[in-house]
Amino acid sequence: MPANPQIHATGLPDGRELKMDFLESSFFKNNGPNRCLPTPAEVRALSGTNQARPQPLPVIFEHLNLIVKFGPHVAIVEAQCLWVIKRVLREEVPVPEVYGWRVDGRDVFIYMQYIRGETLKDR
């Protein structure tokens, strides 16, 4: 890796897109290009979301090695940051691989690699 890794804003995924799939990600490579990420409706249905709660808990799809973080306080810029860290710093800063995002109403859904293990919260 170069001593001073850089990425320019023009190299970022377009944050204005309401739907983004990273077809080069392991999700699509391992499951085939016709595999679809779960819809926002499917994520909400599995979350059992209590709408009074300001930030729903992420939804895990273990069989797909996928976790979905979503809600009105989730932003596309978070997905862009994870994407950049994964590309530029590779294994030096471990972050989950981002598979895509969706915007549905006020909610943003970030689809990413599910990493099994103990959480920081549990530590």
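Guide: The discussion goes from the whole chain to single residues.

Guide: This is a predicted model, in which local features need pLDDT of at least 70, side-chain atom pairs count only at pLDDT 80 or more, and totals for chains, interfaces and linings use all residues. Residues are numbered from 1 along each chain as its sequence is written, and side-chain values use heavy atoms, with hydrogens and water left out.

Visitor: How many helices and strands does the protein have?

Guide: Helices (H or I, at least four residues) and strands (E, at least two) are DSSP runs, numbered from the N terminus. Here there are three helices and five strands. Their order along the sequence is β-α-α-β-β-α-β-β.

Visitor: What does the radius of gyration say about the protein?

Guide: The radius is taken over C-alpha atoms, and the globule rule is 2.2 Å times the number of residues to the power 0.38. For 123 residues, a compact globule would have a radius near 14 Å; the protein has 15 Å, which agrees. Along the principal axes, the C-alpha atoms fill a box of roughly 45 × 35 × 30 Å.

Visitor: What share of the contacts joins residues 24 or more positions apart?

Guide: Contact means heavy atoms within 4.5 Å. Among contacts with a separation of 6 or more, 60% are between residues 24 or more positions apart.

Visitor: How is the surface of the protein described, and what part of it belongs to carbon and sulfur atoms?

Guide: Accessible areas come from the Shrake-Rupley method with a 1.4 Å probe; for residues, only the protein chains shown count as cover. The accessible surface of the protein is about 8100 Å², and carbon and sulfur atoms hold 54% of that. For single residues, buried means under 20% relative accessible area, exposed over 50%, and partly exposed in between (1.4 Å probe, protein chains only). Buried residues are 35% of the 123 in the protein.

Visitor: How far apart are the mean positions of the positive and negative charges?

Guide: Lys and Arg count as positive and Asp and Glu as negative, while His and the chain ends are not counted. Each charge is placed at NZ of Lys, CZ of Arg, CG of Asp or CD of Glu. In this protein there are 15 positive and 14 negative charges, and their mean positions are 1 Å apart.

Visitor: Let us turn to single residues. Is Asp107 buried or exposed?

Guide: Asp107 counts as buried, because its relative accessibility is 15%. The residue lies in strand S5, which covers residues 107-113. Beyond four places in sequence, Asp107 touches Arg44, Gly71, Pro72 and Arg102. A polar contact is a pair of N or O atoms within 3.5 Å; within protein, one must be able to donate a hydrogen and the other to accept it, and residues adjacent in sequence count only if both atoms are side-chain atoms. The side chains of Asp107 and Arg44 form such a polar contact, at 3.0 Å.

Visitor: Which residues does Trp83 touch?

Guide: Not counting residues up to four places away in sequence, Trp83 touches Ile7, Gly11, Leu12, Pro13, Phe22, Glu24 and Val98. Trp83 is in helix H3, residues 76-88. At 10% relative accessibility, this tryptophan is therefore buried.

Visitor: Where is Glu24 found?

Guide: Glu24 is in the loop between strand S1 (19-21) and helix H1 (26-31). Its relative accessibility of 40% is why Glu24 counts as partly exposed. Leaving aside neighbours within four places, Glu24 is in contact with Lys29, Trp83 and Arg87. With Arg87, Glu24 also makes a polar contact between side chains, at 2.8 Å. Glu24 and Tyr99 are 75 residues apart along the chain, and 8.6 Å separates their C-alpha atoms.

Visitor: What is the phi of Asn65?

Guide: Asn65 has a positive phi of about 55 degrees, although it is not a glycine. This residue is in the loop between strand S2 (59-61) and strand S3 (66-71). Its relative accessibility is 27%, so Asn65 counts as partly exposed. Glu62 is found in the loop between S2 and S3, and is in contact with Tyr114 and Arg116, apart from neighbours within four places in sequence.
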